[in-house]
Structure formats: C-alpha cells, structure tokens
Amino acid sequence: MTEFRDGEPPEVVEELRNSMERVLSSGVREEELAALRLDRAGACNDPRQDGLEMSVWFRQMIDALL
C-alpha cells in the first residue's frame, strides 16, 4: 500500500482512502468486506488466513495511505 501511496497522485490516494473509509463506516459485515476485497477487487491473499479480521485489515490499509 505504501508503494501505491508513494507512486500515485495525491488525489488518487485520497480517493481510495475515502472510499475505504466509507465502506467501513457503512457498517458492512466482515463477510461483505471479504467479498469486496477477494471477489470484487480480485485480491489473491486473504488476511483472515493470518488471523486478521477484514475490518482490521481495511483500517491498516487506510492508515498506510496517510
């Protein structure tokens, strides 16, 4: 995420961060967050396999975009 943050224009980074914030603040369930990340975004790794809740992962990524 830091590579993305450092390599993209600030407005693109802010847009992603704001989108992720909106998703978290909308009250979606963990299963919905997983589907968003794994199915819709096409991610190949699942943080839950490392014992990390999806909402915690989202928060960590949002923090990395600051």
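## Basis of the model

Because the model is predicted, local features need pLDDT of at least 70 and side-chain atom pairs count only at pLDDT 80 or more, while totals for chains, interfaces and linings use all residues. Residues are numbered from 1 along each chain as its sequence is written, and side-chain values use heavy atoms, with hydrogens and water left out.

## The largest pocket

The largest pocket has a volume of about 220 Å³. A pocket here is an open set of points on a 1 Å grid over the protein atoms alone, where a 1.4 Å probe fits, with protein on both sides within 12 Å along at least five of seven lines; lining residues have an atom within 4 Å of a point. The volume is the space filled by probe spheres set on the points, which are joined across faces, edges and corners.

Helices α2 (10-25), α3 (30-40) and α4 (54-64) each supply at least two lining residues, and the largest share, 4 residues, comes from α2; helices are DSSP runs (H or I, at least four residues) numbered from the N terminus. Among the residues lining the pocket are Met1, Phe4, Trp57 and Arg37.

## Arg37, a buried charge

Arg37, found in helix α3, is buried (under 20% relative accessible area, against over 50% for exposed and partly exposed in between, with a 1.4 Å probe and protein chains only). Arg37 has no salt bridge, and the nearest side chain of opposite charge, Asp46, is 6.5 Å away. Not counting residues up to four places away in sequence, Arg37 touches residues including Asn45, Pro47, Trp57 and Phe58, where contact means heavy atoms within 4.5 Å.

## Salt bridges

The structure holds 5 salt bridges, each being a side-chain nitrogen of Lys or Arg within 4 Å of a carboxyl oxygen of Asp or Glu. Asp46, which is buried at 14% relative accessibility, forms one with Arg48, the closest N and O atoms being 2.6 Å apart; Arg48 is partly exposed, at 40%.

Arg59 and Glu21 also form a salt bridge, with their closest N and O atoms 3.1 Å apart. Arg59 lies in helix α4 and Glu21 in helix α2, so this pair ties together parts that are 38 residues apart in sequence. The side chains of Arg5 and Asp6 meet at 2.9 Å, N to O, and Arg29, Glu31 and Glu32 are linked in a network of salt bridges.

Key
Lys and Arg count as positive and Asp and Glu as negative; His and the chain ends are not counted.
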